[in-house]
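Please set out how the strands of this structure pair with one another, and state the criteria on which the description rests.

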Amino acid sequence: MNYKILGDSDCPLVQISLLSGETVKLERGSMAYITDVELEGKMNSNKKGLGGVLGAIGRSITSGESMFITHAKGTSDSAVIGIAPPIPGKIHCLKVDSSQQYRLNTGAFLACDESVDYTMKSQDIGKALFGGTGGLFVMETQGSGDVLVCAFGDILALKVTPDRPVTVDNEHVVAWDASLNYNIRVASGTFGFTTGEGLVNEFHGEGTVLIQTRNIHNLADAVRPFLPTSTGN
């Protein structure tokens with residue numbers, strides 16, 4: 001993927017250059033501007049026909065992602081498209097191939113090469129009930145190429161080794177090596193009432209976890225007292 005990250009570090013966007021006939025996949029609604037680019041919304045499924053419709057619906061219900069994904073195709077060798085994530089923060093490129101794949105948290109995906117796809121990997125019922133990483137299923141990349149992910153705030157990489165597991169608040173997880181094992185549990189007390197923390201992901205094995213430095217739900221809680229409330233007649 002031939003791309004540039006433009007703008008400041010807090011609110012960047014990505015400009016992707018396309019050759020004629022070249023296609024990238026985008027998160028639905030992320031387009032900011034285009035030149036010589038054709039956009040097409042497709043069902044978010046690898047299957048065609050009724051199976052594709054049901055597959056897209058299933059992905060939406062079980063993972064919280066959109067039923068549709070946007071395909072952007074260049075119509076000249078100087079085609080460009082600008083895309084922007086819905087929240088302020090960093091944009092990061094993940095390189096995937098036969099030896100390296102990732103699992104993505106809900107809302108992290110922004111764009112990828114046409115040669116990259118993803119599948120939905122089922123979680124055990126305990127992880128699904130706790131949620132925070134896609135519910136019943138999580139997105140796992142496949143193929144080779146670039147995947148752009150976005151975060152609220154900055155993105156930091158945490159190393160996990162067999163002798164040093166890493167525990168991360170669910171709301172801060174962006175992506176992690178698909179080879180890592182993880183458990184979802186309550187941080188402490190009764191759903192964190194004693195510490196203010198909620199659910200956490202505990203990663204084991206050898207690999208990397210990408211985290212975001214801000215938590216959008218904490219921001220919402222901080223702003224809520226200052227928002228006007230409606231009063232009944």
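## Partners of β19

In this predicted model, Leu158 has Val209 of β19 as its bridge partner, and the strand β14 (residues 155–160) pairs with β19 in the antiparallel sense over six bridges. Strands here are DSSP runs of E with at least two residues, numbered from the N terminus, and two of them pair if DSSP finds at least two bridges between them.

Strand β16 (residues 173–177) is also antiparallel to β19, to which three bridges join it; Ala175 stands opposite Leu210 of β19.

## Burial of β19

Strand β19 (residues 207–212) is mostly covered, with six of its six residues buried, where buried means under 20% relative accessible area, computed with a 1.4 Å probe on protein chains only. Gly207, Val209 and Ile211 lie on one side, Thr208, Leu210 and Gln212 on the other, and both faces are covered.

## The four-stranded sheet

An open sheet with antiparallel pairing is formed by four strands in the order β1-β2-β7-β4. Its edge strands, β1 (2–6) and β4 (31–35), each pair on one side only, and neighbouring strands are turned by 15° against each other on average, direction ignored, with axes fitted as lines to C-alpha atoms and angles running from 0 to 180 degrees between N-to-C directions.

Between β1 and β2 (residues 13–18), which run antiparallel, there are five bridges, and Leu6 stands opposite Leu13 in β2.

## Basis of the values

Residues are numbered from 1 along each chain as its sequence is written, and side-chain values use heavy atoms, with hydrogens and water left out. Because the model is predicted, local features need pLDDT of at least 70 and side-chain atom pairs count only at pLDDT 80 or more, whereas totals for chains, interfaces and linings use all residues.

Key. Buried < 20%, exposed > 50% of the residue type's maximum accessible area, 1.4 Å probe, protein only.
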